[in-house]
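This briefing is for a reader who is meeting the structure for the first time.

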Amino acid sequence: METVKLIIDNKEVEVPKGTTIQKAAKLLGIDIPTLCYMDLHDLNIENKPGGCRICVAEVKGRRNLAPTCSTRCEEGMVVSTHTVRVLNARRTVMEFILSDHPKDCLVCPKSGNCELQSMAHRLGIREIPGQEYAAMSTYRKDFSPSIIRDLDKCIMCRRCETMCNTVQTVGALSAVNRGFMAAVAPAFEQNLEFSTCTYCGQCVAVCPTGALTEINHVPSVLRALVDPTKTVVVQTAPAVRAALGEEFGYEPGTLVTGKMVAALRALGFKYVFDTDFAADLTIIEEGTELLDRLTRHLKGDKTARLPILTSCCPGWVNFFEEYFPDLKDVPSTSKSPQQMFGAIAKTYFADILGINRKDMVVVSIMPCLAKKYECQRPEFSVDNNPDVDFSISTRELAAFIKQANIDLKTLKDEEFDAPLGESSGAGVIFGTTGGVIEAAVRTAYEVHTGKKLERVDFTELRGLEGVRSATIDFNGLPINIGIAHGLGNARKLLDDVRSGKSQFHAIEVMACPGGCIGGGGQPLHHGNSEIIKERAAALYREDRQKPLRKSHDNPFIKKLYEEFLGKPNGEKAHHLLHTHYFDKKKKIMIKQ
Amino acid sequence: MSSIKIELRKEDVDFIKGVCDSFKNDPQELINVLHTCQEHFGYLPAEVQEVISDNLNVPVAKVYGVVTFYSFFTMTPKGQHPISICLGTACYVRGAEKVLEEFKKELGLQVGQVTTDGKFSLSSLRCVGACGLAPVVMVGEKTYGRVAPDDVRNILKEYE
Amino acid sequence: MKMIKSPEELKKLKAEATERLYGKEKIRVRVHMGTSGLASGAKEIYDFIRLELEKRNIDADVIGTGDLGYSFAEPTIEVKRPGGNPVVFGNVDKLKADEIIEKYIKSGEYVDGILPVNYRSIN
Amino acid sequence: MPREKMQIMVCGGTNCSGTHGDSVIDNLKLEIEANALENDIRVLRTGCFGLCNLGPIVKIMPGETIYTKVTPDDAKEIVSEHIMKGRKVERLLYRDPSSKKPETTESELSSHKKQLRIVLRNCGIIDPENIEDAIAHDGYQALSKVLTEMQPLDVIKVIKDSGQRGRGGAGFPTGLKWEIAYKNMADQKYVVCNADEGDPGAFMDRSVLEGDPHSVLEAMAICGYSIGASEGLIYVRAEYPLAVHRLKIAIGQAREYGLLGKNILGTEFNFDISLRYGAGAFVCGEETALIHSMEGLRGEPTIKPPFPAESGYLGKPTNVNNVETFAGIPAIILKGAKWYSSIGTEKSKGTKVFALAGKINNVGLIEVPMGITLREIIYEIGGGIRHGKKFKAVQTGGPSGGCLTEKHLDIPIDFDNLIAAGSMMGSGGMIVMDEDNCMVSVAKYFLGFTVEESCGKCAPCRIGNKRLHELLGQISEGKAKPEDLERLRNMSQVIKDTALCGLGQTSPNPVLSTLDNFMDEYVAHVHDQKCPAGECKSLMRYIINKDNCIGCTACARACPVNAISGERKEVHFIDQSICIKCGTCKEKCKFDAIFIE
């Protein structure tokens with residue numbers, strides 16, 4: 001590889017040709033600050049508009065300062081990253097940015113976790129001159145079912161736009177207007193609700209400021225907890241336990257399952273259950289559906305459409321309802337684990353407790369913002385009583401725990417409650433890309449072949465590549481599996497399905513890059529994709545530690561079918577655990 | 001979710017489709033499509049942008065992003081007699097701002113607004129290239145040169 | 001279709017065009033009709049001159065061109081009489097155009113508003 | 001045809017302030033009347049001959065005799081000798097200093113004319129809607145020469161040797177640009193003509209497109225041949241409907257004549273041109289922004305490298321030049337690099353078209369050799385300052401440039417000297433300002449333009465320029481603090497240092513250059529709350545002169561905000577706290593009793 005040598009802050013460094021100054025500096029331990037640049041290297045995501053101009057440095061012989069995020073190293077370059085000129089420029093530009101930013105840090109939802117705030121601190125900004133007459137660019141606030149947009153706080157880093165367009169290909173957000181009033185917004189600056197937004201929350205996950213945050217459902221949960229007439233049940237998604245610890249100072253990848261359960265109990269939840277249980281249930285239903293379609297397909301039944309697509313990710317469901325309504329009979333009809341849990345909790349478990357579903361409140365802790373919208377879908381309620389009442393994100397849970405004076409670190413590990421708290425390792429790995437399909441394969445293989453799996457770990461289905469494929473031998477029957485995470489990658493596979501080119505029997509799709517561990521409701525990764533890798537590793541670790549690794553081995557699942565549901569995909573199961581999809585593409589109506 | 005239904009007349013939808021077709025539904029031709037549609041409709045209402053988005057397969061947010069980027073595109077209809085005051089440098093140094101003020105006063109409008117009867121709309125633009133005639137005012141297609149604030153009332157009278 | 005298929009044909013066409021457009025000595029009027037000229041009323045002057053020359057039975061070519069650059073004196077027109085040098089007149093309104101036709105075009109008598117050529121050109 | 005009457009033409013008149021043309025005319029008329037010749041001899045006032053250093057000029061027809069530096073006293077001799085006796089007045093003829101030979105006709109004197117038309121050679125001459133008129137004027141001869149006699153590298157060498165630099169603003173050598181695009185291999189390359197002339201007060205590109213579109217088409221084809229491109233695009237402002245119309249006609253005719261399309265002039269070379277429209281974004285003059293705009297996107301600039309020559313339109317090597325650059329190319333090919341490089345200064349060759357505007361008499365387009373001085377442009381071509389006012393400054397380079405003052409009047413204008421003087425060539429707008437223009441307001445005007453035209457991508461331009469504009473507003477309202485001037489300079493410097501594209505980086509130039517050249521005006525606004533030019537409204541005070549006021553009440557009745565009080569027949573008084581400085585009172589006063597302080 002061709003390399004170049006250059007000097008940064010009097011230190012020599014040799015880097016491959018094409019390396020940016022910023023990356024070269026990092027090798028020397030020089031951390032050049034930036035606000036807009038973001039590199040999620042392992043996920044192949046880069047945001048490099050060169051817009052914040054915080055990362056500038058002096059390059060000898062150059063007329064103006066160079067943005068180090070996008071200036072390539074050249075042989076013999078001499079770079080200084082902290083001369084008086086650079087520091088003055090960086091501070092002045094920061095003052096510019098702050099001069100058009102609300103000063104309500106104390107009450108901002110991003111306070112303490114805001115990259116702009118940290119930058120102001122780091123650069124030692126002590127005053128913002130000219131505030132008396134400085135105009136601010138102000139916009140209407142927008143509250144959608146999942147996401148709050150407060151564009152007054154937008155600094156035009158364009159990360160959300162990159163996520164929404166380049167990565168997710170959702171195209172709900174675009175830079176709009178120009179100059180001082182430029183911002184990132186949906187078409188016609190309407191509410192997100194009326195856009196093509198899937199609520200995947202990736203925009204929120206990367207927003208450096210308080211411009212994009214989630215709708216806070218903690219107050220509603222709190223009200224339910226103190227209501228003596230309500231039995232409050234909580235379910236926690238698999239990806240939450242692998243990330244919650246980060247909010248309390250644990251290293252990324254630390255599993256805090258037991259402490260999380262203890263904290264939830266301490267918060268007053270009557271029953272602390274595991275969404276993993278519902279994940280196991282999902283596998284039974286989805287796996288049965290897959291095998292059914294597969295068998296029919298093999299017999300030549302043209303109505304059995306393949307590939308089957310997973311349907312446990314609500315962002316993904318929103319996406320295909322918007323962009324692929326013509327394929328809405330292709331995905332599995334199985335509800336997501338969150339909704340399966342709610343449906344079972346408010347029927348089966350309410351029966352066990354002998355209470356009316358109206359007196360039960362189901363709360364879910366999710367790594368996801370689309371779940372907030374999903375639980376509000378009208379088809380997931382009975383007589384206006386939703387199966388899942390509130391969905392709060394990992395971040396909200398962390399804040400809730402802190403507000404309740406609970407020191408997570410000192411809590412003793414506790415166990416989930418029965419019966420909806422028991423799960424297999426297959427349910428755990430739902431939280432990472434490839435996990436759902438691996439879980440499904442574990443079950444489908446054994447059900448289809450009648451043989452016991454010798455090897456439970458399908459490592460060929462794991463990894464962070466955007467689109468992956470593998471062929472699993474079902475005792476002589478090769479099953480082609482496709483995996484996509486990130487909606488842009490999903491679109492590629494879906495385009496093939498639409499055109500009939502797809503060779504897959506089953507496809508797993510997760511809306512968020514990395515799967516749920518990289519969800520829009522997770523603790524912020526601040527552009528460090530290592531964190532996402534660590535979380536995935538943690539889930540696979542928990543899977544390995546579980547005594548049961550396959551969903552159909554979960555004794556409580558078996559019991560559920562025996563006592564309540566009957567057969568997988570049976571009539572009752574169909575009624576409670578399956579759903580249907582809608583065509584949500586915008587229609588152009590002809591005026592008569 | 002984008003579940004709003006938009007309504008347009010069939011001939012309008014057909015017109016837009018025709019325009020997009022004539023540019024081979026190439027997303028790169030978005031600006032040319034917008035030009036043609038604005039020429040036809042006089043402005044680019046949201047509905048028109050939706051149909052363009054649909055035909056060119058460009059997210060409507062991006063279409064809107066483009067429309068709001070370029071000052072030539074507008075989402076509000078112009079008045080029957082659109083009045084544009086050139087604020088190019090040559091006109092500026094010869095007092096165009098005072099002329100603009102006079103129009104604002106006479107019409108009770110701000111730049112970008114239309115009179116309630118839809119008769120006049122007021123806009124400023126940068127250099128129509130008739131610098132020799134500065135300050136220049138355009139009403140529709142007609143150009144008025146060397147306009148002084150005192151002339152404003154007379155110009156408006158022509159259109160009453 | 002007048003496809004030019006070789007450099008020789010281009011040269012030939014150049015000669016033909018020059019002959020056709022400039023070969024015959026006659027009165028030639030150029031009205032400068034760029035945006036700036038048109039904004040000052042050059043189109044009206046163009047129409048007026050065409051019509052009036054016809055009415056007054058004067059054989060002439062009237063050509064619309066781009067602007068000459070004399071923004072301060074627009075509209076401007078250029079008149080070339082057979083054998084004479086082209087003369088540019090500025091601030092031409094209908095009254096002036098009438099005067100130019102009557103005096104300069106008909107009898108070569110100059111009128112006010114002449115703009116001498118103030119430049120050199122490589123042409 | 002009747003025998004031509006004798007006619008005397010005198011330059012100047014109403015427009016010209018530099019000479020005493022008026023008195024010359026008066027005296028000539030007196031002499032003619034004194035000799036009772038008024039029926040046979042006419043005295044006419046003409047526009048500028050472009051020979052102002054020899055002016056006033058008197059031209060006598062027939063014969064085209066030119067007298068130079070004529071004084072009013074010379075009238076008598078001209079009439080008695082030349083008119084009555086047909087003898088030329090030898091001493092008034094111009095004599096070439098070296099040959100001492102008298103030059104008597106205008107054409108003999110033409111080498112003294114300051115303007116030289118290369119780019120504008122056909123503007124106003126040919127019928128732009130008739131390709132044969134263009135062909136009759138050497139149109140497409142350069143293309144023919146290139147295609148049959150030259151290899152691509154030969155063409156690039158000619159352009160390089162000519163020393164032509166891009167007329168779009170930054171002055172990058174054209175030949176070098178072509179060479180880079182030539183060297184970048186690709187299956188498809190593009191030639192783009194930047195016709196998005198957005199600089200307020202500049203209209204040279206439009207004039208070329210409207211007056212001589214074929215030169216541009218021809219040059220683009222030459223460029224295509226040189227760099228290996230078969231497609232050309234013209235990015236033209238939609239606000240130029242006439243230019244678009246004539247371009248469409250020209251392209252159509254060129255195709256019809258086989259001068260665009262396949263196998264041009266029977267060679268292997270294919271080249272065609274299509275139009276893309278701008279939609280009102282100044283920033284699209286920047287190459288990368290222009291390319292994004294052509295791709296149907298927001299015209300936001302991106303960081304260079306990669307340069308368009310590596311990765312431009314659709315990611316392919318793209319050569320972008322502006323209209324004026326292209327329009328000069330055919331002449332360079334036909335007349336040679338040596339000829340072109342003999343014009344201009346050492347580092348800036350050829351001619352430059354300027355759009356003269358503002359407080360100058362002869363507003364319009366001029367084309368002058370590089371190296372001419374501002375003084376020559378303003379006083380010898382532009383006819384001086386309007387209404388005989390005092391020259392204050394010239395803004396060149398539009399919102400990206402700076403102002404040049406009295407002290408810069410004699411520096412030879414070229415790319416480098418303008419930059420050294422704190423301004424830039426830009427696209428060639430030249431706005432002349434007189435004593436009535438407040439330089440703080442001028443800076444504020446340009447910043448207002450930049451704020452409106454900023455794309456909003458980078459923080460220094462999006463927010464920084466807004467803050468600069470606001471602070472200039474504070475200054476012009478007399479509300480700024482002394483330390484704000486230092487802050488103004490620092491903000492300007494940082495924006496220049498950190499902004500993403502050329503628009504942002506140059507946007508503070510009007511501030512920096514006025515700070516450098518007119519610090520006293522800033523100080524007056526900040527320290528004394530006074531606007532020396534009397535332009536800043538909020539610093540103006542309308543005051544009633546007690547001696548002149550007779551108490552007619554006209555002003556008080558006219559005041560729209562009732563700021564004027566006073567009894568009938570008594571001195572009136574203006575309440576400054578109510579006054580909105582509309583000036584109505586001053587207009588109404590018949591006794592000159594109201595003055596502005």
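In which sense do β8(A) and strand β9 of chain A pair, and over how many bridges? The pairing of β8(A) with β9 (residues 147–149) is antiparallel and rests on two bridges. The model is a predicted one, and the points below are grouped by topic.

**The sheet in chain A**

- β8, β9 and β12 of chain A form an open sheet of three strands, in the order β8-β9-β12, with antiparallel pairing.
- The edges are held by β8 (142–143) and β12 (212–214) of chain A; each has a single partner strand, so one side of each has no neighbour in the sheet.
- Within the pairing of β8(A) and β9(A), F143(A) lies opposite I148(A) of β9(A).

**Which chains touch**

- Five pairs of chains are in contact, and among these pairs chains C and D share the most contacts.
- Chain A does not touch chain C: the nearest C-alpha atoms of the two are 29 Å apart.

**Where chain C meets chain D**

- The contact between these chains involves 44 residues of chain C and 62 residues of chain D.
- On the chain C side, the elements that contribute two or more residues are α1 (7–23), β1 (27–32), β2 (60–65), β5 (114–115) and β6 (119–121).
- Of these elements, α1(C) supplies the largest share of the side that touches chain D, with eight residues.
- Sorted by class, this side of chain C holds 20 nonpolar, 16 polar and eight charged residues.
- The two chains are also joined strand to strand: β6(C) and β7(D) (residues 115–117) run parallel and are linked by three bridges.
- At one position in this pairing, R120(C) has L116(D) of β7(D) as its bridge partner.

**Chain C on its own**

- Chain C contains four helices and six strands.
- Followed along the sequence, these elements of chain C come in the pattern α-β-α-α-β-β-β-α-β-β.
- Chain C has 123 residues, and 43% of them are buried.
- Among contacts in chain C with a separation of 6 or more, 60% are between residues 24 or more positions apart.

**Chain D on its own**

- Chain D has 23 helices and 20 strands.
- The C-alpha trace of chain D spans about 90 × 75 × 40 Å along its principal axes.
- Of the 597 residues in chain D, 60% are buried.
- For contacts in chain D with a separation of 6 or more, the share made by residues 24 or more positions apart is 70%.

**A covered helix in chain D**

- How many residues of helix α8 of chain D are buried? Eight of the eight residues in α8(D) (residues 204–211) are buried, and the helix counts as mostly covered.
- The buried residues of this helix are M204(D), D205(D), R206(D), S207(D), V208(D), L209(D), E210(D) and G211(D).

**The domains of chain B**

- Chain B is split into domain 1, covering residues 10–69, and domain 2, covering residues 81–157.
- The centres of domain 1 and domain 2 of chain B, taken over C-alpha atoms, are separated by 30 Å.

Note on methods. Residues are numbered from 1 along each chain as its sequence is written. Chains are lettered from A and ligands numbered from 1 in the order in which they are written. This is a predicted model: local features need pLDDT of at least 70, side-chain atom pairs count only at pLDDT 80 or more; totals for chains, interfaces and linings use all residues. Two residues are in contact if their C-beta atoms, placed from the backbone, lie within 7 Å. Ala, Val, Leu, Ile, Met, Phe, Trp, Tyr, Cys and Pro count as nonpolar, Asp, Glu, Lys and Arg as charged, and the others, Gly among them, as polar. Two strands pair if DSSP finds at least two bridges between them. A residue is buried if 20 or more other C-beta atoms lie within 10 Å of its own, exposed if 12 or fewer, and partly exposed in between; C-beta atoms are placed from the backbone. Domain bounds come from an automatic or database domain assignment.
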